[in-house]
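Subject: The structure I promised you

Hi there,

Here is the structure I said I would pass on. Have a look through it first, then read my notes below.

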Amino acid sequence: MRKSVRVSAPLTVITAYYALLVTISSGLLALFPDLHPYMPIGGVAEMLGDGPEEFEIVRSIGGSVKEQVYILKLAIAVTGGMLLMAPVSWMYFITTPIRKVDRSFAQTMMILPVIVAGIAMIVQDSLALAFSLAGVVAAVRFRFSLAEPAHTLYIFCAIAIGLGAGVSALGIATVISMGFVYGTLVLWTLDYGARLNSPFFSFLTSRDHQDDDL
Amino acid sequence: MTTSRLVSLIQLVLLVGGLPVFQACAEASESFSVGGFNYDETRFSQWKLPKSLREISGLALDTRQRLFAHNDEQAIISQVDYREGRRVKKFTLGDPAIRGDFEGIAVANDTFYLIDSAGALYAAPEGEDSSSVSYRLTRTGLGERCEIEGLEYESAADSLLVLCKSPRQKALKGYVTVFRWSLETNALDDGKTIQLDRNALKDSMGSREFHPSGITVVPGSGHLLIIAARERALLELSADGELIAAMELPTAKHHRQAEGIALTAEGDLLLADEGGGKRGRLSVYTAE
């Protein structure tokens with residue numbers, strides 16, 4: 001079966017999945033506008049100081065609204081991060097031969113955004129906490145090597161999605177997830193880099209069709 | 001002892017020992033007293049301010065207990081309802097709003113005063129919502145003595161209290177200084193300047209460092225409350241400059257950069273924190 005035929009199924013499923021995620025979250029916000037403070041969306045605008053033109057209660061007498069909001073926000077962010085990571089992991093399964101699929105790596109990929117989102121929420125804008133975190137990570141001294149160089153991209157993607165979720169920017173995390181998934185799908189379908197003897201690449205690289213010398 | 005019994009024992013210890021600890025943690029709250037009022041972290045609320053008040057720099061209450069705030073970089077005055085969390089109105093001094101490094105606001109006899117760090121004093125009437133008003137500028141010359149950081153109206157002396165942050169004159173170094181600007185003579189009342197030797201702070205705060213950022217008058221007693229953003233500390237002085245209390249705010253964790261302070265007639269303490277790149281905050285400590 002040709003790749004172009006094989007790609008239509010994952011493309012449809014993944015697109016439907018993203019559409020479903022966006023529809024459900026938009027629908028929830030439309031039905032329950034009070035959910036808005038708990039949704040980890042728009043965090044980057046706030047970090048840039050371009051927040052809304054309205055007051056927002058952070059803490060009310062008798063208890064910390066902020067803490068409740070943060071806990072719920074973190075819960076939603078973590079769930080959102082995992083939901084956005086799922087298509088990325090599917091890409092890993094699609095583009096990797098079955099015998100090379102590493103179950104442990106796939107599970108790590110899914111869990112990584114949860115941890116990164118949690119860390120980002122803890123650190124927030126505290127330089128001291130960020131340095132403490134760096135110290136702790138240095139002390140743990142990970143000795144972890146990836147089997148395939150391409151796996152690094154999945155790890156980076158997981159970190160990016162986790163960071164996006166952690167700084168209340170699930171919108172950006174969604175774009176990252178979609179960009180990665182569709183980009184990888186296109187490159188995999190095209191088998192990009194496998195055929196360099198086409199007239200275009202021969203012209204581009206100034207090598208003739210049989211020239212293997214780099 | 002079998003492993004399962006050991007595990008059960010540990011679970012029991014955790015259950016019995018853990019509950020009171022969690023309860024204690026949940027109930028722990030910071031409290032402090034200042035200006036004759038008691039405050040508790042459980043009676044504390046905080047607002048994130050609109051982006052246009054990101055650079056909030058000063059607070060002032062008028063005789064009707066309406067709260068006004070101003071921006072650091074532009075002469076924009078906002079009336080804020082701190083109970084409901086909304087802006088009632090805003091108006092500007094000049095059209096477009098004049099630019100400067102505004103450090104304090106005061107309301108006296110229906111006139112609004114803004115002061116900049118160089119000691120330029122702007123006086124203007126109250127404006128309608130979204131309006132601009134004309135202003136009168138007085139160069140106090142206080143900027144040559146020190147960098148100005150706060151303003152408040154003292155009705156007992158019909159004076160503006162002008163707070164000095166960084167002294168530029170040798171004679172002012174080592175002191176917390178508050179000038180009195182008489183509204184009657186429109187001149188400095190030099191004989192009534194308050195100076196507190198910073199060494200007096202060592203006993204209470206363990207340090208003589210104190211960089212004032214806001215000032216207010218306690219209704220009734222006439223005492224002065226001075227907040228320091230950098231040290232997140234609070235001073236209470238008598239009207240004569242005698243030190244009543246000095247403390248680091250026990251609730252310092254809630255304050256990024258407290259630039260404005262006001263105290264309502266009911267004793268509610270209001271603190272405004274500049275955003276520092278994020279949204280500013282308005283904290284309300286309700287008096288017991």
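Below is what was found in it, topic by topic.

First, some ground rules. This is a predicted model, in which local features need pLDDT of at least 70 and side-chain atom pairs count only at pLDDT 80 or more, while totals for chains, interfaces and linings use all residues. Residues are numbered from 1 along each chain as its sequence is written, chains are lettered from A and ligands numbered from 1 in the order in which they are written, and side-chain values use heavy atoms, with hydrogens and water left out.

Chain A

Chain A holds nine helices and one strand. (Helices, H or I with at least four residues, and strands, E with at least two, are DSSP runs numbered from the N terminus.) Read from the N terminus, the order of its elements is α-α-α-β-α-α-α-α-α-α. Of the 214 residues in chain A, 29% are buried; buried means under 20% relative accessible area, exposed means over 50%, and partly exposed is in between, using a 1.4 Å probe and protein chains only. One example is Cys157(A), which counts as buried because its relative accessibility is 4%.

There is also a nonpolar patch on the surface, formed by Leu20(A), Ile24(A), Leu28(A), Leu31(A) and Phe32(A), with about 510 Å² of accessible area together. Patches are made of residues with over 30% relative accessible area and no salt bridge, where like charges are joined within 9 Å and nonpolar side chains (Val, Leu, Ile, Met, Phe, Trp, Tyr) within 5 Å. A salt bridge here is a side-chain nitrogen of Lys or Arg within 4 Å of a carboxyl oxygen of Asp or Glu. The areas come from the Shrake-Rupley method with a 1.4 Å probe, and for residues only the protein chains shown count as cover. Leu28(A) sits in helix 2 (residues 8–31) of chain A, and with a relative accessible area of 37% it is partly exposed.

(Axes are lines fitted to C-alpha atoms, for helices over the stretch in contact, and angles run from 0 to 180 degrees between N-to-C directions.) Strand 1 of chain A and strand 3 (residues 44–48) of chain B run antiparallel and are joined by three bridges, with Glu56(A) opposite Lys48(B).

Another open sheet has five strands in the order 4-5-6-7-11 (chain B), and its pairing is mixed. Strand 4 (56–61) and strand 11 (131–133) of chain B stand at the edges with a single partner strand each, so one side of each has no neighbour in the sheet. Within this sheet, neighbouring strands are turned by 30° against each other on average, direction ignored. Strand 6 (residues 76–81) and strand 7 (residues 86–93) of chain B run antiparallel, joined by six bridges; Gln79(B) has Lys89(B) as its bridge partner.

Strand 1 (residues 31–34) of chain B has a covered face, Phe32(B) and Val34(B), and an uncovered one, Ser31(B) and Ser33(B). In a regular strand the side chains alternate between the two faces of the sheet.

The disulfide

How many disulfides are there over all chains? The count is one, where a disulfide is a pair of cysteine sulfur atoms within 2.5 Å. Cys146(B) is joined to Cys164(B), S to S 2.5 Å. Because Cys146(B) lies in strand 13 (residues 146–154) and Cys164(B) in strand 14 (residues 159–167) of chain B, the pair ties together parts that are 18 residues apart in sequence. Both Cys146(B) and Cys164(B) are buried.

Backbone details to look for

Most residues other than glycine have a negative phi, and most peptide bonds are trans.

- Asp95(B) and Pro96(B) are joined by a cis peptide bond, with omega about 0°.
- Asn109(B) is not a glycine, yet has a positive phi of about 50°; at 54% relative accessibility it is exposed.
- Asp158(B) has a positive phi near 45° and lies in the loop between strand 13 and strand 14 of chain B.

Happy exploring!

Methods: Two strands pair if DSSP finds at least two bridges between them.
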